[in-house]
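Student: Hi! Could you walk me through this structure with me asking as we go?
Tutor: Happy to, let's bring it up.

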Amino acid sequence: MKSSKKEFIAEAEELLEESQRLVLEIQDTLATGLNPDTINALFRSMHTLKGVSGLFGLQGITNLSHALETLMDDVRLGKIEINRSVISFLFKNIDILKNLVDEIGGGSETDSGPYIKDIQAFRESLKSAGGDATAGGMIDEAIMKVLSEYEEHRLKANMKEGKGIYLAKAVFSLDVFDKALEELTKKIKTKGEVISTLPTSSNVPDGSIGFNLMFGSRTPPEELKADIPYEIEALVKSKTEVQAAPPLPPAQKQDTHLKSTTTTVRVDIEKLDRILNTVGELALAKGAVKRIGTELVDQYGHTSLVYDVHKITQTLERRLAELQDQVLEIRMVPIGQIFSRLAQVIRRYSRDVDKHIDLVIYGEETELDKYIAEEIIDPLMHLVRNSIDHGIEPAEERKRKGKKEEGTVIIKAYQKGNHVVVELRDDGAGINVEKVRKKALEKGLIDKDTELDAGKIMDIIFTPGFSTKDVVSEVSGRGVGMDVVREKLSAFGGFVEVETAKDVGTTFMLTLPITLAIIKALIVRVGHERFSVPLTSMSETLIIDHRDIQTIEWKEVYYLRGEMLPLVRISSFLGIDSDTAGRSFAVVVGYGERRVGLLVDELFGQHEIVIKSLGEYFKRLRGFAGAAEIGKHEVILVLDIEALIDESMVRQKGGTHV
Amino acid sequence: MKTILIVEDSATTRALIRAVIDELGEVETVEASSGFEALKMLPQQEYDLIITDINMPDINGLELISFIRNNPRYNHLPIIIVSTERSEEDKKRGMALGATAYVTKPFKSLELQEIIKKTIGL
């Protein structure tokens, strides 16, 4: 494929991603108040797509984007009112455009004719005669004359909403006006909507330029005058000069988007992987140099040459740490990227199953490693579909329960220490504890008398092989169980927790490391073997006198600050001999209900490790997350903490292991 | 040598217009990628013609035309609107504000060349 065409594909894909994001934003703000800037931005991206595809003679894409541009033009001019069906229609057609872009270079091209007819018919069916309020007479003819059709529509829409119309007059120096104007515009946008920006040279000194910004706002004029340090003239009085207009953060968001397109570089994540790998190898080499330094001291004492080696090692260490941080930072992406894809699935899927879902997203700006972001899409998708399938009740049932007919799914991301937490909350029926119990009894996972608290429920639904359509683990047509969710997360040191209450809803909490690749690990010894435990999964270490270990229901436990801590002897888990001393070290891993102490013989301190996969051959080996090289070409195994915790839980439940 | 200022936010369209003008020979082109940029470039040198789009992100073409027509230093400048058929109404408004001519995108190069020649007297 010619490279110019490749560039076109990249640009088209970017435009369509952006369009999709905009439609989502429109969907999210449908109830709370649409931001005209968003609608205009969508119009513009269709307009741009039409322009570039036309240059490449891609008739199908040109015609289709043209038809959508026309539709969006009617929307932005208020000739078509936006509603759910318009939103679905836009989503559908953006998907079609995406497919057309995918087809480029593939030889075959789908005929876009039927789609275009479809859009035209849809547009005709929606067009309402409903006109705007007239603005004539109320506003100076000289101002009206320079408004574009779109601006005039926005002016009328603002008046229709009863907003006051104002003119802010500012004069700036000609060489810096764009920055100053941008700031003023931003300021006004917190108060309302900027309708037009008219440059003027009358009554303006040489080397300067004047601007008359027309804007609509509900903020009282006195307040506007206090907050905006420029001359403000009221053109039309507000009908409700009472409550302040809600701020419009989306407008600012758009600014940042504009910026990012001009300063960012697209890089294949594989290239970053390679850099990170190299950095990892360097870290190992650095470790070796450091060790040589220590050996030199032992052999030759503190000579100046030894001192030099020591100094250079330190510099190396610092610079390497910087490099590491920088590379890891490059790999960070805002989680919003995957949220928007997720939102798309939710929209499509909820339509398929005919449930109205109100999707609320928080913390899209939270950043995490691109690799992790990609890896959690499937688990998240799985949980979301579960929520829609089994969590959110049909509208009828919700009404009966006195709930809002529309179900709510809240996805929230935030940073917590070295982790990113993604919460997925629905206001559905909650996990049916009775069904879980019945199924678990059938499978022999619990006894008749076992109490089912949140922790137990979670252990059961995340047990491999536990799946029932009626409960929460099987998703229509996917055949993936909840255990896969847990497995995927634990592959990079993440874990999942669940909270559920009958008729209130269910919340899944995914805790993920922010970055991966190079992690700090604790090196431990059991018998003659050394293992490493990722620091991210542990909370503390203890020395335990064996006389303090108690046995409850055939299980070893230790009372840590009054709370029971189940213990797992790594030696018996792996079938290796351990020391016969009267005391052990316990490495406390996991959280809450899933907290256990791993008994080991000795702790060696921290090490930076690069976890390498064990490869296909050892894939079935349970208990190890991978292998890592530590100095002197020694390779040690990294313990799979989640698997160990699982193991201890199963033993608890079954009670078969003594 | 005549100088034409092209105001257009799409780089590809700018390149296209420039190519069309280059064929005329004897004409130099200067480009502004936004209305703001055009406002900055206006005082920097003398122009013989302004070619502007209407739909642009910062200030639109109509506002630019109004600015030019109301400024005694520039109000003699001929202005050609090059815009999509989408903005039919806007083109009318542009003409009312004092634009000299308009050309609809996508345009034929001959058509644009003819209008430019007529406007600046080549």
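**A chat about the model**

Tutor: S584(A) is buried, because 24 other C-beta atoms lie within 10 Å (buried means 20 or more other C-beta atoms within 10 Å of a residue's own, exposed 12 or fewer, partly exposed in between, with C-beta atoms placed from the backbone).

Tutor: This is a predicted model, where local features need pLDDT of at least 70, side-chain atom pairs count only at pLDDT 80 or more, and totals for chains, interfaces and linings use all residues. Residues are numbered from 1 along each chain as its sequence is written, while chains are lettered from A and ligands numbered from 1 in the order in which they are written.

Student: Where is S584(A) placed?

Tutor: In strand 18 of chain A, residues 583-589. Helices (H or I, at least four residues) and strands (E, at least two) are DSSP runs, numbered from the N terminus.

Student: And what does S584(A) touch?

Tutor: Leaving out residues up to four places away in sequence, S584(A) touches I544(A), H546(A), L599(A), V600(A) and D601(A). A contact here means C-beta atoms, placed from the backbone, within 7 Å.

Student: Zooming out, how many helices and strands does chain A have?

Tutor: Chain A has 20 helices and 22 strands. Of its 658 residues, 36% are buried.

Student: OK, helix 7 of chain A: how many of its residues are buried?

Tutor: Ten of the twelve, among them Y150(A), L155(A) and M159(A). After helix 7 of chain A comes G162(A), with a positive phi near 85°.

Student: New topic: at what angle do helix 14 and helix 18 of chain A pack?

Tutor: About 155°, with their axes 9 Å apart. Axes are lines fitted to C-alpha atoms, for helices over the stretch in contact, and angles run from 0 to 180 degrees between N-to-C directions. Helix 14 and helix 18 of chain A are therefore roughly antiparallel (over 145 degrees; under 35 is roughly parallel, 65 to 115 roughly perpendicular, the rest oblique).

Student: Which residues of those two make the contact?

Tutor: E375(A), D378(A), P379(A), H382(A) and L383(A) from helix 14 of chain A, and V485(A), K488(A) and L489(A) from helix 18 of chain A.
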